Amino acid sequence: MLEKLLGKEFKRVMAFMKPRMGQYVASLLIANIAADGFTIIEALALKLIMDAALSGQRASLVVGIVVVGVSVLAPIILIPVFGWIYQRCAHQTSAEIRLAVFSHICELPISYFDKNHSGDIVSRITSDASLLSNIYTFKLRRFVAPVIYGVCSAVVMLLLDGRIACALIVFNLISAYVNVRFGKPMRQVSDKVQQTIGNMTGMLIDFLAGFSIIRMFHIEQSVFGTYQETSYQVADYSISRYRLEGALDSTDFLLSAVSNLGTVIVGSYLVANGITEFGDLLALISLQAGLNRSLLQASYYLPQVQESMAGASRVLELLDAPTEPERYDLPQFETSCA
């Protein structure tokens, strides 16, 4: 499922994390649950406090206050500890990838450098490798965090009132589907941006290496024109990417407004007719807002992860290039004695 959303390179990218995968996944989950769990617990505490206020049960009121206190104190301890473990794993893996790329380049045959421009190679080991590293350090976490929160919120909503929850979850899934549909064109545009940046880097290296010849033959304007055209291509592709992001933001705002307003209207009707409790409605409204926000965040960061995957594919392509053999077999010649 993740490979389909994030790209075929995702499995290979995560393979670099294999020596410390257990620590990485555990710290990722615990840090996110500690950070986002407060909102869910807050919604449940809100139900307890409201029900206690309406019924006059002081015991439930005390329980609600204690629950809120625990939900505040626990993240203070868990987030920094497991956040540090997560970042340590991410940066150690990123360093190993940079070393692996450099080591592989040292073993490439001369023919590879004859066929590929040095600027494109430099772009792969700098810009593209940096995008790959961003997957570990923060982009994957920003994508996974709202997914975890969304699943937990959906479970709690179903426990509170399955009838309302099912309608809200279906609507949010429709919203998520609309956002996922934007993922493919965003990835395609990101691929073009990274490829064009590589071409532009190559032109810059050529300009610096042949500066004296360029000045000697007075072809600065010609070189500048070519570089300018490529630079405008990068700008055009980037603008296209942000145009897609703008359309996505507008769609998300509309769906969010419809969802929140519908929850309030339908929920008020159910409370007025005694179908559901007022405390349950407040908790559902709080969880619905969080669920909607988490899905929008996941869909927002999905294109960013796919952008990093575009850089990762170029790094993996470099790592897949065959290295120089340790020795070449000499051709065998048949000899005959006269």
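This is a predicted model: local features need pLDDT of at least 70, side-chain atom pairs count only at pLDDT 80 or more; totals for chains, interfaces and linings use all residues.
Glu-96 counts as partly exposed, because its relative accessibility is 37%, where partly exposed means between the limits for buried, under 20% relative accessible area, and exposed, over 50%, with a 1.4 Å probe and protein chains only. Residues are numbered from 1 along each chain as its sequence is written, and side-chain values use heavy atoms, with hydrogens and water left out.

Which side chain does Glu-96 meet in a salt bridge? The partner is Arg-20, at 2.9 Å from N to O, a salt bridge being a side-chain nitrogen of Lys or Arg within 4 Å of a carboxyl oxygen of Asp or Glu. Glu-96 lies in helix H4 (residues 58-106) and Arg-20 in the loop between H2 and helix H3 (21-55), so the pair ties together parts that are 76 residues apart in sequence; helices here are DSSP runs of H or I with at least four residues, numbered from the N terminus. Arg-20 is buried, with a relative accessible area of 13%.

A search of the whole structure finds four salt bridges, and another of them joins the side chains of Asp-128 and Arg-314, at 2.5 Å from N to O. Asp-128 belongs to helix H6 and Arg-314 to helix H11, so this pair ties together parts that are 186 residues apart in sequence, and both Asp-128 and Arg-314 are buried.

Key: Helices (H or I, at least four residues) and strands (E, at least two) are DSSP runs, numbered from the N terminus.
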